[in-house]
Amino acid sequence: MEPADRETATGLPPGIAAAREELTPMLSQYADLCAAHEDALVLFQVGDFYEAFCEAAETVARVCEVTLTERSDSTGDYPMAGIPIDNAAPYLESLLDAGYRVALGDQVEDAEQASGLVDRAVTEVITPGTVVEDDLLESGTTNYVAAVAADGGGGAGGGADSPSETVGLAAVDVSTGECLVTSGDRDAVAGELDRIAPAELIAGPDAPAFDPADAERGWTTHEYDDGAFDRRRAAERLEPYLPAPERRFDADAELRAAGAVLAYAEYTQGDDGPLGYVTRIRRYDPRDRLRLDAAAQRSLELFENRGLGASDTLFDALDETNCALGRRCLERWLRRPLVDADAVRSRHDAVGELADRSLAREGVADALATAYDLERLVSRVSRGRADARDLRSLHRTLAVVPELKATLAGAEGERETGDDADGVADADADGSTDADADGPALPRTDHLGDLRDRLDELTEVRDLIDAAIAADPPQEITEGGVIREGFDGDLDDLRATEREGREWVADLEASERERTGIDSLSVGHNQVHGYYIEVTDANLDRVPDDYRRRQTLKNSERYVTPELKEREEEIVGAAERADALEYELFVDVRERVAAETERIQGLADALAELDALTSLATVAVEGDYVRPELRANPDGGVAIEGGRHPVVERTEDSFVPNDADLPRGSVAVITGPNMSGKSTYMRSVALAVVLAQTGSFVPAQAASLPVFDRLFTRVGASDDIAGGQSTFMREMSELTEILHDAGADSLVLLDEVGRGTATTDGRAIARAAAEFLHDELGATALFATHYHGLTDLAEERERVFNLHFTATREDGDVTFLHRVVPGASSSSYGVEVAELAGVPGPVVDRARDLVAAEEAERGRDPSGPEPEGPTDEAAAADEGGPDDGDRDGDASLREFLAEEASEQRDGGGPAASDSAAETPTEGDRAQSSNEADGEAAPGSSPDLAAALRDLDLARMTPIEALNALHDLQSRADDDG
């Protein structure tokens with residue numbers, strides 16, 4: 001049978017619909033649930049399995065790789081496939097990954113007590129953005145579902161063609177109850193979506209389309225009930241969460257998006273009413289945080305590294321958190337760094353104190369390591385889905401709060417300290433610091449003091465759970481053993497009756513053996529016949545008269561006595577009543593805990609922040625980070641002494657620190673060889689800014705930084721084939737966003753602008769962009785380029801200056817020093833880098849000859865030492881003389897060959913300059929001789945030359961260059 005497609009797998013399967021009038025009661029019930037959930041694949045509980053039928057079954061079998069079977073009854077044969085309920089998580093994950101939403105049709109009444117068909121209902125709709133099961137969620141992560149709506153709320157498409165129209169955005173993490181609301185124009189909301197990174201997006205009828213910046217790792221978008229976006233309905237939906245919701249938002253679009261996303265969240269959780277744990281609906285302005293668009297997050301590798309070290313990201317370098325709460329908090333901070341200088345300094349104060357106090361820091365870390373995920377725990381408690389083990393986990397987390405407060409507070413009061421406020425305290429040989437010498441003390445900083453005050457011990461909740469819930473309860477809450485003895489007198493009496501009855505039965509076997517003289521007599525129990533006395537056939541003549549036959553077996557008979565029957569009724573009755581009472585008591589305890597949801601969430605926030613601060617302090621101490629000074633002067637720039645890249649230094653055996661001195665509004669033009677460290681240097685500066693505004697110390701000897709409002713990057717080469725963008729088009733798109741949105745308070749990183757097109761066009765674009773940044777935007781910028789002609793901007797513009805990375809050349813070998821110094825470089829060492837990458841020797845030698853000829857033509861000795869700074873000759877070479885046409889001074893191999901071939905096609909080789917006419921090289925003579933004979937130069941047949949000309953060495957990886965040039969070598973051998 002052909003696999004069912006998505007349309008036939010969701011909603012009512014066609015095979016079921018065709019036989020709708022003839023279905024059995026159970027399949028009719030399944031059909032009703034499918035019809036009510038047209039956008040989901042319904043899994044229907046049958047005993048211990050979730051089953052699907054017909055086309056839905058075919059999809060389940062294919063996606064989950066389970067066996068497709070068949071159900072047959074009087075109405076026909078129906079394909080069927082199922083997954084085990086007690087191990088459903090991996091199968092549900094497969095369905096979600098395949099793009100399906102799954103509705104769980106559970107039995108909602110006890111099958112033993114049901115009269116006829118067991119009642120079933122959809123208790124949960126599992127979607128990518130509304131997953132709440134721990135088995136389907138990564139610990140310490142957020143999982144948002146978002147909604148967008150445009151102002152107007154009218155006809156379809158009203159916002160799609162209005163880029164300046166206000167768009168509302170609301171996102172909720174259904175697993176924790178966090179809810180965020182904001183608004184802006186289309187571009188601003190697109191940036192926020194990339195920053196929030198929801199798993200799922202629902203769009204209002206008037207909303208513009210939003211596509212993720214990364215199509216492979218973005219969200220899924222679908223439509224939802226248009227009525228949920230209606231202003232009146234949205235306001236009514238919000239009233240249980242916010243009093244007078246119309247007055248809480250800045251735009252109607254915000255209110256409509258918030259109402260719709262909560263309606264959707266309620267729908268996925270069974271439509272049982274408001275989600276009581278969504279108590280933190282927070283409206284925010286994106287301008288209150290450092291704005292990092294998707295390109296910046298990607299190029300700075302904040303959360304994702306697509307290279308070989310896929311786990312080497314900035315977040316990985318900072319993540320020394322001890323619990324899931326802290327990990328989520330740290331991720332939020334890194335996605336939304338602060339722009340309020342006082343708030344940044346407050347975090348720095350707290351990090352500094354924890355860094356100084358090693359014993360307190362380690363004590364806090366040890367305590368937090370035992371904390372459970374309070375946010376997800378309390379969400380399950382509030383939804384009525386928490387079991388007894390969840391409550392014990394909550395109790396264990398509450399139990400560490402007094403310990404944390406004591407660790408932060410101590411017993412001796414505040415003390416004086418001589419620690420350096422700008423750095424991490426010096427550690428003694430045993431790892432302790434001077435700050436710990438007198439033992440723990442009250443927090444010296446307001447931030448930690450306020451945080452300590454927010455550590456609500458919730459004593460009454462902790463005591464309630466401890467008194468009510470057994471220390472090691474079973475997972476099932478309806479089968480007893482959940483409530484602690486002594487919590488309820490009636491329950492204790494029932495348990496005592498049950499226990500005494502079982503003890504009487506346990507003694508019955510011995511007493512009956514003695515009474516009857518039957519040594520093989522045994523007392524047993526089963527679910528069908530209850531308690532019985534079993535006697536073998538050989539001893540039937542000794543059975544007492546008061547025994548009543550209950551069951552005949554092959555070699556024995558089972559009996560019951562009036563007294564045993566009475567005791568059985570007492571035991572069973574007491575056990576059933578005890579289980580029912582115990583469940584009632586558990587539900588009551590759970591509801592009393594749920595009533596404190598807001599307090600528990602407040603504690604969760606405090607624990608999360610404390611863990612994130614402790615993580616930053618740990619990284620500061622272990623990584624030798626320094627506290628950055630935030631410049632009070634609005635005109636202050638970036639000043640970093642001995643700066644390092646926080647990720648690269650963890651993966652390399654050694655790292656060369658570099659200084660950065662960038663006046664506010666300046667443009668630093670950076671030149672130097674490939675592989676010398678230009679990109680790493682620029683990223684180091686940007687990451688120092690991100691770290692500082694996150695609240696972290698920075699990897700440097702000293703740092704003084706302004707507070708930026710936006711950070712832009714155009715670093716690295718990548719395409720978006722799925723989105724229809726070449727590498728150069730994507731580069732230009734990112735450059736367009738920067739030049740439109742950057743301002744005087746922005747930091748801009750530009751690397752190799754214009755390299756994806758012809759030299760003349762690329763150099764022109766790069767120069768114009770640098771001039772625009774300086775003249776029009778006033779942004780602080782780092783501009784790395786191989787267009788060495790751009791270095792003369794330093795003479796034309798007041799706030800432009802040159803930096804370059806040094807290298808030494810000795811006996812033809814080049815050593816990259818990875819050190820940045822003032823001035824401009826005069827070479828990119830492209831041939832040397834090609835040799836390091838493993839390009840075949842003949843190609844490298846030929847390239848070196850061509851470069852030598854070019855350099856000789858320009859009057860420069862290619863074998864001489866590399867000048868450390870700019871020279872008049874180098875500057876002249878960069879721009880070229882009057883006969884050099886549009887040739888740039890970078891003398892890259894690709895451009896040189898292209899120009900050389902073009903000039904040859906025009907007839908006569910290079911245009912004659914004064915220097916070239918005076919001294920032709922030996923290579924020139926040889927080439928001219930061959931051409932005169934009507935032969936191509938050795939190793940340069942027309943096809944081979946064209947192939948070599950087309951190589952884009954500046955954008956090839958070493959292995960790609962190796963493979964391509966190896967092919968060329970093989971072709972050259974074949975031609976020879």
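In the predicted model, Thr268 is in contact with Glu124, Val125, Thr127 and Thr130, when residues up to four places away in sequence are left aside. Thr268 belongs to helix α8, which spans residues 252-268. The relative accessibility of Thr268 is 0%, and the residue is therefore classed as buried, the cut-off for this class being under 20% relative accessible area. A polar contact of 3.2 Å links the side chain of Thr268 to the side chain of Gln269.

Strand pairing was examined around β26, which comprises residues 800-810. This strand pairs with β21 (residues 667-671) in the parallel sense, through five bridges. Within this pairing, Val800 of β26 lies opposite Val667. Strand β26 is also joined to β27 (residues 813-822), here in an antiparallel arrangement with seven bridges. Ala807 has Phe816 of β27 as its bridge partner.

At the level of the whole chain, 33 helices and 27 strands were assigned. The chain contains 976 residues, of which 51% are buried; Thr268, at 0% relative accessibility, is one of the residues that count as buried. Of the contacts between residues at least 6 apart in sequence, 69% connect residues at least 24 apart. The computed accessible surface of the chain amounts to about 43,200 Å², and carbon and sulfur atoms account for 45% of this area.

Definitions and conventions
Residues numbered from 1 in each chain as written. Predicted model: local features only at pLDDT ≥ 70, side-chain atom pairs only at ≥ 80, totals over all residues. Heavy atoms only, no water. Helix = DSSP H or I, 4+ residues; strand = E, 2+ residues; numbered from the N terminus. Buried < 20%, exposed > 50% of the residue type's maximum accessible area, 1.4 Å probe, protein only. Polar contact = N/O pair within 3.5 Å; in protein donor to acceptor, adjacent residues only side chain to side chain. Contact = heavy atoms within 4.5 Å. Pairing = 2+ DSSP bridges. Areas by Shrake-Rupley, 256 points an atom, 1.4 Å probe, with all protein chains shown as cover.
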